Amino acid sequence: MRYLVTGAAGFIGSHLAETLVAGGHDVAGLDCLTDYYDPALKEENARGLVLERVDLAADPLDFSGFDGVFHLAGQPGVRSFGDVFPLYLRRNVLATQRVFEAAAAAGARTVFASSSSIYGEAERYPTPEDTVPAPLSPYGVTKLACEHLARAYAKGFGLDAVVLRYFTVYGPRQRPDMLFARVVNALASGGAFEIYGGGDQSRSFTYVGDTVDATIAAMDSAPTGAVYNVGGGEEATVLEAIALLERISGRTLDVRHTEAAAGDVSRTAADVTRIAAELGWAARTPLEAGLKAQWEWAAARVAAG
Ligand code: UGA
């Protein structure tokens, strides 16, 4: 098959593109290498991929000839209040509207990477997909707007779209602003680590390899219009996960506490009944094994200088 991956130099996008190439598919990667974090890391992620530098919010988009589009590009991060909001609007809402327009015109099935952050402090835990969305971060609001755009383009232009709500994905190449990336970096290189609030906030942490499997299964066999949670099997608090990483690394983290961050929710917990029933997907990687893989990757990079 011939696939397009947007955000192919990003954390999840680069793993996805590599897995598709290894599966014998023809893959074109799009990325505009924004400076949300060091673009050199993205170039490193994308080594070995065919990458075209495209601004989805402005450049002409022609997706004809592609069987499917994996739309993973976006402005990430739930701590998104303040002056940065125009970037979230442009890189999430506007870019996604243009991707859906181009995908509908090309008749290409599109899998859209949404987020657990659309739930906010959810009414129910574990949270099923039919829970009323109530995002608490501007980022989550833009991801929810994109989900509504998917429905609008499905109805108006026959877009064949599937929405995946990823729950705090981790593993090698994790974005450097995220919890585990910062923790392993502090453990490997030294330096203090700041917990936002008490550290008893919890997440359905999801290993990147499992996330890639769910994403490909969605492209292959999800019904049109499906919405799925993609969440790891084990929930853990920030403090529990840090303790696990200290055990894995055999080191002690210098922990400080700062104020809780606006936009952060106290808990995410994925109900994955639907994706298990319809796609036969379940997270396979225990948190300890996934953290070990992330620690070994980060420690090797630090050792290599
Ligand atoms: C993550 C991603 O960053 C979002 O892009 C994604 O959409 C979201 O998951 C999702 O599930 O949809 P988040 O859960 O905040 O968001 O992931 P982390 O940045 O890894 O943070 C996890 C927890 O660690 C949060 O409670 C946060 O407050 C805490 N944290 C993070 C700290 O205490 N200190 C830090 O330096 C970073």
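1. What distance separates the centres of domain 1 and domain 2, taken over C-alpha atoms? In this predicted model, the two centres lie 25 Å apart. The domain assignment gives domain 1 as 2-169 + 205-230 and domain 2 as 175-203 + 233-268 + 285-304.

2. On the interface between the domains, 22 residues of domain 1 are in contact with 24 residues of domain 2, and the area buried between domain 1 and domain 2 comes to about 2100 Å², with carbon and sulfur atoms giving 61% of that area. On the domain 1 side, Arg 79, Tyr 125 and Phe 205 lose the most area to domain 2, and together they account for 37% of what that side buries.

3. Turning to the ligand, 23 residues lie around it, and Ser 115, Ser 116, Tyr 139, Arg 203 and Asp 264 come nearest. Each of domain 1 and domain 2 supplies at least three residues to the shell around the ligand, and by class this shell holds 11 nonpolar, six polar and six charged residues.

4. A polar side-chain atom of Arg 175 lies 2.8 Å from a ligand oxygen, a backbone N or O atom of Leu 179 lies 3.0 Å from a ligand oxygen, and a polar backbone atom of Tyr 196 is 2.8 Å from a ligand oxygen. The protein covers 96% of the 690 Å² of accessible area that the ligand has on its own.

5. As for secondary structure, the elements that give two or more residues to the shell around the ligand are α5 (179-189) and β8 (192-196), and β8 provides the largest share, four residues.

Definitions and conventions: Residues numbered from 1 in each chain as written. Predicted model: local features only at pLDDT ≥ 70, side-chain atom pairs only at ≥ 80, totals over all residues. Heavy atoms only, no water. Near = heavy atom within 4 Å. Polar contact = N/O pair within 3.5 Å; in protein donor to acceptor, adjacent residues only side chain to side chain. Areas by Shrake-Rupley, 256 points an atom, 1.4 Å probe, with all protein chains shown as cover. Nonpolar A, V, L, I, M, F, W, Y, C, P; charged D, E, K, R; others polar. Domains from an automatic or database assignment. Contact = heavy atoms within 4.5 Å. Buried area = accessible area lost by both parts, 1.4 Å probe.
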